[in-house]
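Open the structure beside it and follow along.

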Amino acid sequence: MRNRRRWATGAALAAVLALGLGATPAQAVNFVPLNGDGSSWAQPAIAQWSKDETPQGIHLAFAGDGSAQGRQNFIQGVDDFAASDIAFLTSPDPFGGGIEKPQNAFSYIPIVAGGTTFMYHLTVGGHAITNMRLSGDTLTKIFTGQITNWSDARITHDYGAQLPSEPIVVVTRADGSGATYQFTRWMSKQYTSQWNAFCAAHGGPGSCPPTEFYPSYGGSIQKDGSDQVAAFIAANAGEGAIGYDEYAYALNDGVPVVKLLNSAGFYSLPTPSNVAIALQSAQIDDNVNDVNFMIQNLDNVYTNADPRTYPLSSYSYLIVPRDSRPGFLGPPSRFNTDKGATLSTWLNYVLCGAQKSAGSLGYSPLPKNLVVGGFEQDAHIPGAVPTPDLNQLSNCDNPTYSDGVNHLIVDAPMPSPCDYVTAPLNCTVVNGKATSQTASRTGGGAAGSGAGATGAGGGANGAGGSGGASIDPNTGQVIGGSGGGAANDAYATSVALGARPEEQWLLSTLTALELVGAVAAPSVFGLWLARRRKRA
């Protein structure tokens, strides 16, 4: 009887946990394997969340071969779903494909938010520079071939120190990439004349729109996929390199990222809260009958005046089959209701419980309005399973929504004064003001001296890293956990008081004496007590 009660309690708990994650118990659906491809920007999240649901019997095979390829494969009916960081093209890409016209009905479902970052590999005197900070204008000049050396005066102005003369190796994507599109869209909107000139010089039009296919030019290297970009920069051969892609890849490879200057005059990292606050300014198509329902317009994100924003923030989407839509055919013949039930069940998890791990993966969880919109689209998947109540989002364990409050935004910390544009590179906070820390050395732990330095941002804006790691809010590097740089790479670290050799010796000696005392004390006390009793 006792065993039966234990079994019943365990089964009830498992059911509650399944509902709390937004998943449907495996017995309710005949799950079948699914295939998808597309955005490598979103691939780390998709891979982890697919793995999470494998015990439920859901198996997804996903290839991160780029947003452009994912959309083409969806149009051709090759896969069951696609992932893309942008919508289907309604005008030709200046360096790639033409107008995209899917025949079958589809929906866009947002799955995760994040920041497109600038990973780099630069060492000085055998120590890695991990506190790079740059303005958008300087980054644009680097990626359009106007700045070609790390000693350039414009880098010195932003960074706050002179770097040695070393050629800059620009790393861009070779495949059709959503990250490329997001980066070039930002340049086309914020630095229009520079982007147009670069575009025209490499075979594009004089008035140049964004592209998914970055032009190759002298001094640049192109790599297929986000993972290859990050791997090249992290390796020893990547010395002097800088490239762009989703923050998740920088965390996974232990590569530092540039702090990007925002409109409020603060250098910022793509932490979950910084991304979430930036995307409050995104204009989302909220017409449920529109083919572009849930698609983003990021113009106002780039200029968001909140000091906590990361300017290059965006959403990534799944493109899924839809039951019907005026002007389109029905779902592809390869997609049946069993596949729809499997995909819908997985999306219930993705839009709810999976968002809890977004921060540790290098992303930012979706806010309530996009979760609700995602479920509205989910309901149109052929064979879709029931979704949570969209008014209350009951049983939807999304970390951004609790009692009607988005705590990710409400509780977001303000940036350190050391992140302000006029703050010195080697900086600490004294009485709430950025102050030069003359004892600090260039390269490690500046702009707040890493974790917990005199209130200068230690722990502020921090994002969890994979494998139990955390992220230094001043450098963007992984602290602890499984993430790490390539073998033989030297990364500079702040030297804390406890790390000095003479103090380490003193601490070790005191610790040893404490251990000896702890071991010997009971024996000494026992002998003394025995003698006392004998005398008595």
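**Entry 1**

I began with a pair of residues: L261 has Y267 in β12 as its bridge partner. Strand β11 (residues 259–261) and β12 are joined by 2 bridges and run antiparallel. I count strands as paired if DSSP finds at least two bridges between them. Helices (H or I, at least four residues) and strands (E, at least two) are DSSP runs, numbered from the N terminus.

Before going on, I noted that this is a predicted model, where local features need pLDDT of at least 70 and side-chain atom pairs count only at pLDDT 80 or more, while totals for chains, interfaces and linings use all residues. Residues are numbered from 1 along each chain as its sequence is written, and side-chain values use heavy atoms, with hydrogens and water left out.

Back to the sheet: 3 strands make an open sheet in the order β7-β11-β12, with mixed pairing. Which strands stand at the edges? They are β7 (133–134) and β12 (267–268), each with a single partner strand, so one side of each has no neighbour in the sheet.

**Entry 2: around β15**

Next I looked up β15 (313–321). Of its 9 residues, 9 are buried; buried means under 20% relative accessible area, exposed over 50%, and partly exposed in between (1.4 Å probe, protein chains only). β4 joins β15 through 9 bridges, and the two run antiparallel. There, V112 has S316 of β15 as its bridge partner. β3 also runs antiparallel to β15, joined by 3 bridges.

**Entry 3: α12 and α14**

I then turned to two helices. The axes of α12 and helix α14 (residues 368–378) come within 10 Å and cross at roughly 175 degrees. That makes the two helices roughly antiparallel. For reference, axes are lines fitted to C-alpha atoms, for helices over the stretch in contact, and angles run from 0 to 180 degrees between N-to-C directions. Angles under 35 degrees count as roughly parallel, over 145 as roughly antiparallel, 65 to 115 as roughly perpendicular and the rest as oblique.

Which residues make the contact? From α12 they are S344, L347, N348 and L351, and from α14 they are V371, G374, F375 and D378. Contact here means heavy atoms within 4.5 Å.

α14 is mostly covered, with 8 of its 11 residues buried. Among the buried ones are L370, V372 and Q377. I also noted what the buried residues of α14 pack against: β4, β13 (283–284), β15 and α12.

**Entry 4: salt bridges**

How many salt bridges does the structure hold? It holds 13, each a side-chain nitrogen of Lys or Arg within 4 Å of a carboxyl oxygen of Asp or Glu.

I looked at D80 and K339, whose closest N and O atoms are 3.0 Å apart.

D245 is buried at 0% relative accessibility, and R173 is buried at 1%.

D137 and K141 form a salt bridge at 2.9 Å, N to O. Both lie in helix α4 (residues 136–143), 4 residues apart, which is about one turn of the helix. D137 is partly exposed at 28% relative accessible area, whereas K141 counts as buried at 13%.

I also found R71, E100 and E212 linked in a network of salt bridges.

**Entry 5: the nonpolar cores**

Last, I checked the cores. A nonpolar core is a set of buried Ala, Val, Leu, Ile, Met, Phe, Trp, Tyr and Cys residues joined through side-chain atoms within 4.5 Å. The largest has 95 residues, of which W49, F118, M132, F143, I242 and W346 touch the most other members. Strand β4 (residues 106–120) gives this core its largest share, 8 residues. Another core, of 15 residues, lies apart from it and includes A234, A250, L251 and L269.
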